[in-house]
Amino acid sequence: NNLGLLFHRGRGVARDDGEARAWFERAVAAGFEGARVNLGLVCFYGFGGERDVAAAREQWQLAAERGDGRAAALLGSWHYEGAAGSPVDRAEAVRWYAIAAPAGETTAQHRLGLCLLRGDGVDADAAAGVAWLQRAAANGSAQAQRDLALCLQRGTGIAKDDVAARTWLARAAASGDPAAQATVAGLSAQAAAPVRD
């Protein structure tokens with residue numbers, strides 16, 4: 001698996017995705033479950049060979065069923081976005097995100113929070129949704145920081161708190177979230193505007 005990563009990234013060796021894919025396959029064949037996610041990624045994107053989305057999904061499914069949070073997050077995103085022409089299935093996405101989120105997968109935490117807030121693929125539970133947004137925001141997700149700021153601003157699933165909302169919005173902007181940057185810029189322009197009679 002580590003050799004596969006070196007070949008894929010071109011670190012210490014010339015970049016060679018075919019060699020990377022071969023090493024990931026060897027690692028999986030040798031019983032190293034952690035290589036399944038990487039093998040799935042090279043299959044999904046067609047690195048080092050033909051694109052094979054069915055093989056990618058199979059590798060992620062096997063890894064996720066054995067408790068790999070990253071694989072569960074990838075499967076959640078597959079269903080959330082309708083990857084590779086498959087239909088969007090938010091209920092299935094929620095099922096996988098619910099496995100990945102407690103394992104610390106930030107994208108899963110954020111999207112599970114959004115699904116719970118909106119009742120998208122799951123019964124709505126704003127408080128639980130905000131709790132997942134808080135975890136994702138604390139883990140550095142700029143989008144979760146922005147969405148948490150909106151919840152705090154509106155009092156959705158959490159007590160309304162404009163000061164905390166501005167703090168999270170500023171963090172999201174500093175982390176590079178364009179929507180948060182635009183909002184912060186607009187608020188700054190309002191604050192700098194001269195008072196009119």
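This is a predicted model: local features need pLDDT of at least 70, side-chain atom pairs count only at pLDDT 80 or more; totals for chains, interfaces and linings use all residues.
Let me start with Phe44, which counts as buried at 11% relative accessibility, where buried means under 20% relative accessible area, exposed over 50% and partly exposed in between, with a 1.4 Å probe and protein chains only. Residues are numbered from 1 along each chain as its sequence is written, and side-chain values use heavy atoms, with hydrogens and water left out.

Now to the rings. A pair of aromatic rings is described by the distance of the centres and the angle of the planes. Searching the whole structure gives 6 aromatic pairs, a pair being rings of Phe, Tyr and Trp (its six-membered ring) with centres within 6.5 Å, counted as stacked if the planes are under 30 degrees apart, edge-to-face if over 60 and tilted for the rest. One of them joins Phe44 to Tyr45 in an edge-to-face arrangement, 5.0 Å centre to centre with 85° between the planes, and Tyr45, at 52% relative accessibility, counts as exposed.

Phe44 also pairs with Trp60, here in a tilted arrangement with 5.7 Å between centres and 35° between planes. This pair links distant parts of the chain, since Phe44 belongs to helix 3 (residues 35-45) and Trp60 to helix 4 (residues 53-65), 16 residues apart; helices are DSSP runs of H or I with at least four residues, numbered from the N terminus. Both Phe44 and Trp60 are buried.

What lies over the face of Phe44? It is Arg51, at 4.6 Å from the ring centre, and the criterion for a charge over a ring is that NZ of Lys or CZ of Arg is within 6 Å of the ring centre and within 35 degrees of the ring normal. Elsewhere, the charged end of Arg95 sits over the ring of Trp96, 4.3 Å from its centre.

Ala84, found in the loop between helix 5 (69-81) and helix 6 (90-100), has a positive phi of about 50° although it is not a glycine, and Ala84 is partly exposed, with a relative accessible area of 45%. Leu3, placed in helix 1 (residues 2-9), likewise counts as partly exposed, at 40% relative accessibility.

Technical notes
Helices (H or I, at least four residues) and strands (E, at least two) are DSSP runs, numbered from the N terminus.
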